[in-house]
Amino acid sequence: MPIQQKTSLRKALLDGFWSGILALIIFGPISGLVLKGYEVQNELMRPLLIALSVAVGRFLISYLIQTTKGRYYLGKLVGKRDAGVTVASLTKSKYQHLLIPVLVLAGLSVPLLLGKYWLTVVILALIYVLLGLGLNIVVGLAGMLDLGYVAFYAVGAYTLAMGAQYFELGFWTMLPVAAIGAAMFGAMLGFPVLRMHGDYLAIVTLGFGEIIRLVLNNMLEITGGPNGASAPSPTLFGLEFTRRAKQGGIPFHEYFDIAYSPSYKYIFIYLILFVVVCLMILFVTRLKQMPMGRAWEALREDEIACRSLGINHVTVKLSAFMMGAMVGGIAGVFFATYQGFINPSSFTFFESALILAIVVLGGLGSTVGVIVAALVLTILPEALRDFAEYRVLLFGIAMVLMMVWKPRGLIRIKRKAYELGEPTA
Amino acid sequence: MDIYILGQQLLNGLILGSIYGLIAIGYTMVYGIIGMINFAHGDIYMISAYLTAILLSLIFSLGITSLPVVLLLTLFFAMAITGTYGWAIERVAYRPLRGSTRLAPLISAIGMSLVLQSYVQISQGARNQGVPILIKGVLRLGGEEQFVQITYIQILIVIASFIGMAALTYIILRTSLGRQCRATQQDRKMAAILGINTNRIISTVFVIGSSMAALAGVLVTLNYGSFDFYIGFVIGIKAFTAAVLGGIGSLPGAMLGGIVLGMAEGLFSGFVSSDYKDVFAFGLLVLVLVFRPSGLLGKPEIEKV
Amino acid sequence: MMKRSSWKSLLLTIVIGVLAMAGTANAADTIKIGVAGPHTGGYAAFGEQFWRGAEQACKDINAAGGIDGKMIEVVKADDACEPKQAVSVANRLMDVDNVQAVAGHYCSSSTIPASEIYADADILVMTPGSTNPKVTERQMKGVFRMCGRDDQQGAVAANFIINTLKAKRVAVIHDKDSYGQGLADAMIDKMKALGVTEVLYEGLTRGEKDFNSLVTKVKSVKADALFFGGLHTEAGPLVRQLREQGITAAFISGDAINSADFVTAAGGPQYVDGVYMTFGQDPLTLKTGRDVIEKFRADGYEPEGYTLYAYATVQALTAAMDATNSTNLDKMADWLHGNSVNTVLGEKSWDSKGDLKVSDFVMYQWDAKGKFRQL
């Protein structure tokens, strides 16, 4: 590379010009000619403005990239392309041991800081953290692309609703039942797909996800079909958090003789959910270091090598599927109880895609990454509400940009370091 | 069983299948070359439906009324513009991700699909839109009461899908461009070393795939007469299913998968239950993939050590 | 363990959160009414109708002096017809926007979970468009509706099909959604009471366009009438494909096809010729409605579908606020139960469940010009 490259204004101008023309072709008809019946209405100013801004933007990038400073800043924006594995350093930083207690305390104090609305948003975000953690086991660790993860979520949610409707069982009984039920379901779905690889696996799981949703929708007599079913709220030793008791207990505020606030229910759900999420993070982190977790990662890297070394790929894959499904089921229970009402329209393919986006954006396999990505992807659409109908557009653009900015996810996964001779943690 | 009803249901399945196949070809081409599921493909199809209506109204306002001319002009411009869309999307959302994980472009594609949908909703409104009836006429076999029928536009769809598949298969197998495509598909690095501009080849494939979506978009819009910004989603998933059913990456496979899927849906909803037709279609897909893990016509994956 | 990049991302999350919270200020001397409906996703067209109607009502009421001198303000809320977003947006309306009443939710599956939140916050909600009986069947004091119920509408349709059309072989198709299937089931119940059983009962998938197999099936059962429970987006292609396959059976559907878009969705007025539908009393025939409709038309907007329902909902809510001089749920609900409101859709009053006392569903027929008229 020559040290001193002459900056060419001409090239930048040409780049800008052609980008503008292309933008005009792309945006011209759709945003410039608005259909009114069988006629079109002329709104050509809009695409002209868009094309102009595209042209100017392209010109600036094209010009800046020729200067050293510009290259430096643009390079920062686009993100690095380094591949391969990084290993965590053995020496822990000074504040490492303080970090986790501080985070847990911060998490527990969230209900004190936030109003009801933002609390519900955070609850939803935590539900997605759970979903992300669960799908991360299947996709991130075991390397099986699952596009129908929403099926297990639905199974969990409907287990709670159906259990309450037909057997009058509450949240606490159904939580373990739903976890086991979803895991069983995972095994059932996992079995036929073990032979498949990559995208064939993806489409079959997508198919399963759709089948579950359609069946829930069609079985009107049992599930309520599109009319949905109601789900009970969690109770604290029989105390309920509703204004008037619904499950035959005593309302919480009457028992303690305090004024009623609709926030109590959400604070309670948040606290349980927070504890469950913490336990799940612990569980997943430990799992990764156990033989089972290592077998998952090994199988992801090279299936043939694994099988030749005597790892039973059937049990390994099935266990990943079941663990993932179990976490999804638990998330489903929380979703149903948080919402109080479920119907099949909450369990569409788009939901699966969103959870997958969390896992991929989080950095495939990284627990911290999944948490960050889940928070970003659930809080972002709510934060964008002020933009009204531009919300989805901005959300989509953000998704593309984040992928371009960090193609390997927000947090790069690091292998744990071990020292020879010393007992490892 | 009534032979006419059976015949009509088979025909319904064939037409629906051809539509699936036509869109599935675009999926399969893109998948074939970079191994990526292009979720925005369904929305390209949706864009082309809007283009159809816009172009038709422009062409009519120019005073051109000769049917073949109108049809060809619409097809040409719709394909050219969606081709540009395909190129731009690849350039903006997928190319920067090349060389990272295989799932990164998938997420980018989902984001792109949201962008396209809401872009169209914002610019064109959420309402249903329609196109006037361009091609009239119907072919009926049988008597006054009992008959099997197919409209001319439906005939056109079936023919176009087979011609499209044959033409693309010819390009891939016989031309220099096709050879470069296959080389890029097998080993991108090696192909680049041998002097193939792989970036350009990939872009070309996106352009071709997107214009196939436009071909489908124009004809299908003329057939159903109405569309909205949301149509890409359902049909996109179905076409993708068809592509996988036939063996993703294989052009005749996409066509076959489309027709099998269309027939399965049509016959099941016609003779059993329309409620469960999608359950049956996906169930069939699972069954096929359990016994043929690479689809009907797909080449089995070679497991390398 | 956390590198700088992870801190950055955490920071990003926090910044987004803070920004979003900062963006919510509160105006004091206005009465806020939340208008919730789908503004994104596949049902966005109906959200727009809601918003247009509510916005116009707000303008007109303020021009007439507001409520006791207080101006009203409408707050747009998008639920995308997803229960998940409906709950979020309901909490937001309560907690961030601090609205005093809600006109809203289009999909019944959004209205039901959201109304629980409103009830918890002691806020009255009136839906302009959720026709599912379950919405008001849950013994909630603060839930009202401005529209009829599916069972009332279904009964009108069934009466018409059996008694007027004298149909013997009736096929029923629905869209597997709470509105469509609820309407179809209600129609069948009434029809069975009149002694006719359906010859075909099938669901189609929303978002699809190809119903040819279903249409051929209708042909094979030799139906002389087809009732469709669903929206115009599916009704259009369905009726077109029906006619294209040469089936002349009468096509009857509900209020959701009442939109000029039905003609567009069918691909031309010639296909909707002769289609019957049930709908409330035509507001154009009412004196109260005509001025409002003219106002909409002056803005270049045809007030179709639920536009006027949303308008009437805002009218009813403000009337209750005005009369009780409060925004208290109990007071407003008691007043609405006991009094009637003169709205753009005529005189409306509510029973103890919150349903309209008089449901005035009547039959309409479309003609070959793509217009409809009352029978």
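How many helices and strands are there in chain B? I counted 11 helices and 4 strands in chain B. I'm keeping in mind that this is a predicted model.

Next I checked the overall build of chain B. Its radius of gyration came out at 20 Å, close to the 19 Å that the globule rule gives for 305 residues, so chain B is as compact as a globular protein of that length. I also looked up the C-alpha trace of chain B, which spans about 65 × 50 × 35 Å along its principal axes. Buried residues account for 60% of the 305 in chain B. Of the contacts in chain B between residues at least 6 apart in sequence, 76% join residues at least 24 apart.

Then I turned to where chain B meets chain A. I found 55 residues of chain B in contact with 49 residues of chain A. Helices H2, H3, H4, H9 and H11 of chain B each give two or more residues to that side. H4(B) gives the most, with 14 residues. By class, I noted 37 nonpolar, 14 polar and 4 charged residues on the side of chain B that touches chain A.

The axes of H10(B) and H7(C) come within 8 Å and cross at roughly 30 degrees. Angles under 35 degrees count as roughly parallel, and I therefore put H10(B) and H7(C) down as roughly parallel to each other. Their crossing is right-handed. Gly266(B), Ser269(B) and Gly270(B) make the contact from H10(B), with Ser213(C), Leu214(C), Thr216(C) and Lys217(C) from H7(C). I sorted the residues of this contact into 1 nonpolar, 5 polar and 1 charged.

Note on methods. Residues are numbered from 1 along each chain as its sequence is written. Chains are lettered from A and ligands numbered from 1 in the order in which they are written. This is a predicted model: local features need pLDDT of at least 70, side-chain atom pairs count only at pLDDT 80 or more; totals for chains, interfaces and linings use all residues. Axes are lines fitted to C-alpha atoms, for helices over the stretch in contact, and angles run from 0 to 180 degrees between N-to-C directions. Angles under 35 degrees count as roughly parallel, over 145 as roughly antiparallel, 65 to 115 as roughly perpendicular and the rest as oblique. A crossing is left-handed if the near helix is turned anticlockwise from the far one by less than a right angle, and right-handed if clockwise. Two residues are in contact if their C-beta atoms, placed from the backbone, lie within 7 Å. Ala, Val, Leu, Ile, Met, Phe, Trp, Tyr, Cys and Pro count as nonpolar, Asp, Glu, Lys and Arg as charged, and the others, Gly among them, as polar. The radius of gyration is taken over C-alpha atoms; the globule rule is 2.2 Å times the number of residues to the power 0.38. A residue is buried if 20 or more other C-beta atoms lie within 10 Å of its own, exposed if 12 or fewer, and partly exposed in between; C-beta atoms are placed from the backbone.
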